[in-house]
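Open the structure in your viewer and keep the selection panel at hand. Each stop below says what to select and what is there.

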Amino acid sequence: MRIVDAEAVHAALPFARLVETLRAAFAAPCTVPLRHTHQVDGITSLIMPAWTQQHYGVKVINIAPGNAARGLPGLHASYLLHDAATGVPLALLDGDAITARRTVAASALAASYLARGDAQHLLVVGAGRLARLLPAAFAAVRPITRVTVWARQAVQAQALAAQLAADGFMAQAAPDLAAACATADIVSCATLATAPVVQGRWLAPGSHLDLIGSFAPTMVEADDACFAGAALYIDTPEALQKSGDLLGPLGRGVFGAADVRGTLAQLVTGQAPGRSAPDQRTVFKAVGTALEDLAAAVAVLDTLPARR
């Protein structure tokens, strides 16, 4: 069994390659049972299996919202990849790196269908592990040159903007979230918020809203107005059962399940249309799927040198 650390995972999955890996994975057969969710004292633990004829993988991901006060990331994960025919363990991979890269790559995949082709200005809401990766992921599918960062702690937004500037983006921290939303082509939220952070009245016509922070019914990043009048897409049908961003508006009649325009699988296979007009406002809501983890893990394994 190979042991693959975070540095090796990141190196093996440049976003241009990973986006195309996910595009192919969503179009191919894969069995993805509903995730198991367990409350373990102060953490929420998710167990996420998926398999194809060739590979079987399981991710264990633990979310501890209280970790911020401890100076630790709020999410930790491990990924175990097996041969599907024999059950032999093939690799144990750093699940944090797998999760982070596949999550933002899925957002970029959705944006390749839903964001305007000329989208250049990205607003990142949040300053954590996912936020750090979002500009490079979106730049793999859209001509992103300008990045604005907003976070509840201004010092964190400023630090991330400085890192992104060093990466070659024209980046700056935003003191006013409403004003930043008004000028952004793409707004991507990667927070653990439990109350709306972005308001629909702030969003510009033709903008694309990407919501990837909320994965539980108690978590919310967007208010009802974000969905009213927008073309809504989700990563998988499970999003309608898991995300507070969707469950709230659904319960209040802002939109119905039938109003969802499509999933990622339907977008990549042409069963659902993407953006239909330059001034159309689009929303993509993701809760993550084990299919993405499996595809990313196999892609990492394929880059490793053969054992002698």
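**Stop 1: Ser-188**

Select Ser-188, which lies in strand β10, residues 186-189. Strands here are DSSP runs of E, at least two residues long, and helices are runs of H or I, at least four long, both numbered from the N terminus. This is a predicted model, in which local features need pLDDT of at least 70 and side-chain atom pairs count only at pLDDT 80 or more, while totals for chains, interfaces and linings use all residues. Residues are numbered from 1 along each chain as its sequence is written, and side-chain values use heavy atoms, with hydrogens and water left out.

Is Ser-188 buried or exposed? Ser-188 is buried, because its relative accessible area is 0%. Buried means under 20% relative accessible area, exposed means over 50%, and partly exposed is in between (1.4 Å probe, protein chains only).

The side chains of Ser-188 and Asp-210 are joined by a polar contact of 2.6 Å. A polar contact is a pair of N or O atoms within 3.5 Å; within protein, one must be able to donate a hydrogen and the other to accept it, and residues adjacent in sequence count only if both atoms are side-chain atoms.

Show the surroundings next. Beyond its neighbours within four places in sequence, Ser-188 is in contact with residues including Leu-122, Val-124, Leu-134, Phe-138 and Ile-212. Contact means heavy atoms within 4.5 Å.

**Stop 2: Ser-214**

Move to Ser-214, in the loop between β12 (208-211) and β13 (220-222). Ser-214 counts as buried because its relative accessibility is 1%. Look at two partners of its side chain. A polar atom of the Ser-214 side chain lies 2.8 Å from the backbone oxygen of Met-219. The side chain of Ser-214 also makes a polar contact with the side chain of Ser-243, at 3.2 Å. Leaving out residues up to four places away in sequence, Ser-214 touches, among others, Thr-191, Glu-221, Asp-245 and Lys-285.

**Stop 3: α3 against α4**

Select helix α3 (residues 95-114) and helix α4 (residues 129-139). Their axes are 9 Å apart and the helices pack at an angle of about 40 degrees. Axes are lines fitted to C-alpha atoms, for helices over the stretch in contact, and angles run from 0 to 180 degrees between N-to-C directions. α3 and α4 are therefore oblique to each other. Angles under 35 degrees count as roughly parallel, over 145 as roughly antiparallel, 65 to 115 as roughly perpendicular and the rest as oblique.

Which way does α3 pass α4? The crossing is right-handed. That term applies if the near helix is turned clockwise from the far one by less than a right angle; anticlockwise makes a crossing left-handed. Colour the contact residues: they include Ala-100, Val-104 and Ala-108 of α3, and Leu-130, Leu-134 and Phe-138 of α4. By class, this contact of α3 with α4 has ten nonpolar, two polar and three charged residues. Ala, Val, Leu, Ile, Met, Phe, Trp, Tyr, Cys and Pro count as nonpolar, Asp, Glu, Lys and Arg as charged, and the others, Gly among them, as polar.

**Stop 4: Asp-96**

Stay in helix α3 and pick Asp-96. Asp-96 is buried, because its relative accessible area is 12%. A polar atom of the Asp-96 side chain lies 2.4 Å from the backbone nitrogen of Ala-77. Not counting residues up to four places away in sequence, Asp-96 touches Leu-75, His-76, Ala-77 and Arg-129.

**Stop 5: α4 and α5**

Ala-131, Arg-132 and Pro-135 in α4 meet Leu-160, Gln-163 and Leu-164 in α5.

**Stop 6: α2 and α10**

Select helix α2 (residues 15-26) and helix α10 (residues 290-303), whose axes come within 10 Å and cross at roughly 125 degrees. α2 and α10 are therefore oblique to each other. Their crossing is right-handed. Among the contact residues are Leu-18 and Leu-22 of α2, and Ala-295 and Ala-299 of α10.

**Stop 7: two loops**

Finish with Asp-41, in the loop between β2 (36-40) and β3 (43-51). Asp-41 is exposed, with a relative accessible area of 81%. Its phi is near 50 degrees, a positive value in a residue other than glycine.

Then select Thr-86, in the loop between β5 (75-83) and β6 (89-94). Thr-86 counts as exposed at 55% relative accessibility. A polar atom of the Thr-86 side chain lies 3.2 Å from the backbone nitrogen of Val-88.
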